[in-house]
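Please examine the sequence and the three-dimensional model shown below. The paragraphs that follow lead through the fold, its surface and some individual residues.

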Amino acid sequence: MSSKAVDPSSGAPPGHNLGDLRLRHHETNEIILIPTPSNDPHDPLNWQATPVGLINRYVYFPTLYD
């Protein structure tokens, strides 16, 4: 019998699942990124920090003064 702890519901080592969400690929042990990154320049995850900061400034800051 193995001495490693295993989650009985999924068979994965502890810390690899978050409820029903698998955090690491079961064969390669790579971290699963959600949402999956793409090479699309229009994907907000690929935007430079300046446009993201401007959007935050115009959307978030006015809510502080309501």
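What pLDDT does the protein chain average, and what percentage of the residues score at least 70? The protein chain averages a pLDDT of 74, and 67% of the residues reach at least 70; pLDDT is the predictor's confidence in each residue, from 0 to 100. This is a predicted model, in which local features need pLDDT of at least 70 and side-chain atom pairs count only at pLDDT 80 or more, whereas totals for chains, interfaces and linings use all residues. Residues are numbered from 1 along each chain as its sequence is written, and side-chain values use heavy atoms, with hydrogens and water left out.

The protein chain contains two helices and two strands, arranged along the sequence in the pattern β-β-α-α. These elements are DSSP runs numbered from the N terminus: helices are H or I with at least four residues, and strands are E with at least two.

Of the 66 residues of the protein chain, 6% are buried. Buried means under 20% relative accessible area, exposed means over 50%, and partly exposed lies in between (1.4 Å probe, protein chains only). The protein chain exposes about 6100 Å², of which carbon and sulfur atoms supply 59%; accessible areas come from the Shrake-Rupley method with a 1.4 Å probe, and for residues only the protein chains shown count as cover.

The loop between strand S2 (21-22) and H1 holds Asn29. The phi of Asn29 is near 65 degrees, a positive value in a residue other than glycine. Asn29 counts as partly exposed because its relative accessible area is 40%. Ile31 also has its place in the loop between S2 and H1, and Ile31 counts as exposed because its relative accessibility is 54%. Residues up to four places away in sequence aside, Ile31 touches Leu23 and Arg24, contact meaning heavy atoms within 4.5 Å.

Helix H1 (residues 49-59) includes Val52, which is partly exposed because its relative accessibility is 31%. Together with Trp47, Leu54, Ile55, Tyr58 and Val59, Val52 makes a nonpolar surface patch of about 570 Å². Patches are made of residues with over 30% relative accessible area and no salt bridge, like charges being joined within 9 Å and nonpolar side chains (Val, Leu, Ile, Met, Phe, Trp, Tyr) within 5 Å. A salt bridge is a side-chain nitrogen of Lys or Arg within 4 Å of a carboxyl oxygen of Asp or Glu.

A pair of aromatic rings is described by the distance of the centres and the angle of the planes. Rings of Phe, Tyr and Trp (its six-membered ring) pair if their centres lie within 6.5 Å; planes under 30 degrees apart count as stacked, over 60 as edge-to-face and the rest as tilted. By this rule the count is one aromatic pair. Tyr60 and Phe61 form this tilted pair, with 5.6 Å from centre to centre and 55 degrees between the planes. Tyr60 is partly exposed because its relative accessibility is 46%, and Phe61 is partly exposed because its relative accessible area is 40%.
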